[in-house]
Amino acid sequence: MIETFHKIIELRRSVRKFKPGAVDSEVLRKLIDAARLGPSAANKQALIFIAVNDPSLAGKIFETQKFAAYLAGAGQPQPGEEPAAHILIARNRELEIAETIRDVGAAAQTILMGACAYGLGATWLRSFDRPKAAEILDLREIYVPDSVIALGIPGEAPEVVPIRDGDIKYWRDETGQHFVPKRSFEEVCFLNGYNKGWS
Ligand SMILES: Cc1cc2nc3c(=O)[nH]c(=O)nc-3n(C[C@H](O)[C@H](O)[C@H](O)COP(=O)(O)O)c2cc1C
């Protein structure tokens, strides 16, 4: 179980190229059920989750999304690489409190990890046209679309690399391989006090 946990954490990357293939409704149900059970500030449980795998609707949601801002358009899935499914996370205005945005983070990470465990690729998006997505999904006024997670059969395997010259921007090489710079363990992780090391 511990090995599986670490494997999922290591394997999970934001995937922005997908292979053709549907995402089963039952898998989406399991993912949003897991998110529903996540931690919630004041236990308000102000989030709703709308899974989308109808090809026409999924295509419309895809059109609202902007992938990989640092790649200035080059990170947008190309024709044939689009996500087959989406999960929209929306906040209920009547139930939410300021801390509810943290609930969204917990729910999104649960979905991303779950997707990875099911062998799916996924990306958490905050760059999307919210009014358009609300219209496509018949969302009522009390719900604020917060985030959407695009999912599908993974068509790429991004790689974690150390940060070079302080640059945190992800990048792609000439073959299209995606690299994600991450701060080192030593830079951001401490034991028993700030700047105290592990060794
Ligand atoms: C709050 C949040 C919003 C994000 N929004 C987008 C987005 O709109 N489009 C996108 O392509 N990626 C988005 N991402 C994914 C990040 O770019 C990605 O997590 C980061 O580059 C690190 O890569 P990794 O997820 O593979 O570790 C978002 C991530 C977070 C946490």
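## Ligand site

Strands β4 (121-125) and β8 each contribute at least two residues to the shell around the ligand. Strands, like helices, are DSSP runs numbered from the N terminus, with at least two residues (E) for a strand and at least four (H or I) for a helix. The largest share of the shell, 3 residues, is supplied by β4. The model is predicted: local features need pLDDT of at least 70, side-chain atom pairs count only at pLDDT 80 or more, and totals for chains, interfaces and linings use all residues. Residues are numbered from 1 along each chain as its sequence is written, and side-chain values use heavy atoms, with hydrogens and water left out.

In total, 15 residues surround the ligand, the closest being R13, S14, R16, A68 and K182; a residue is near a molecule if one of its heavy atoms lies within 4 Å of it. By class, the shell holds 6 nonpolar, 3 polar and 6 charged residues. Here Ala, Val, Leu, Ile, Met, Phe, Trp, Tyr, Cys and Pro count as nonpolar, Asp, Glu, Lys and Arg as charged, and the others, Gly among them, as polar. Domain 1 (2-156) and domain 2 (158-199) each provide at least three residues of the shell, with bounds from an automatic or database domain assignment.

## Polar atoms at the ligand

A side-chain N or O atom of K182 lies 2.6 Å from an oxygen atom of the ligand. A backbone N or O atom of A68 is also 2.6 Å from a ligand oxygen atom. At W124, a polar backbone atom is 3.0 Å from a nitrogen atom of the ligand. The protein covers 73% of the 630 Å² of accessible area that the ligand has on its own (Shrake-Rupley method, 1.4 Å probe).

## Open sheet

Three strands form an open sheet of mixed pairing, in the order β6-β8-β7; two strands pair if DSSP finds at least two bridges between them. β6 (159-162) and β7 (171-172) stand at the edges with a single partner strand each, so one side of each has no neighbour in the sheet. β6 and β8 (residues 178-182) run parallel and are joined by 4 bridges. V160 has V180 in β8 as its bridge partner.

## Overall fold

The protein has 6 helices and 8 strands, and follows the pattern α-β-α-β-α-β-α-β-α-β-β-β-β-α along the sequence.

Notes:
A polar contact is a pair of N or O atoms within 3.5 Å; within protein, one must be able to donate a hydrogen and the other to accept it, and residues adjacent in sequence count only if both atoms are side-chain atoms.
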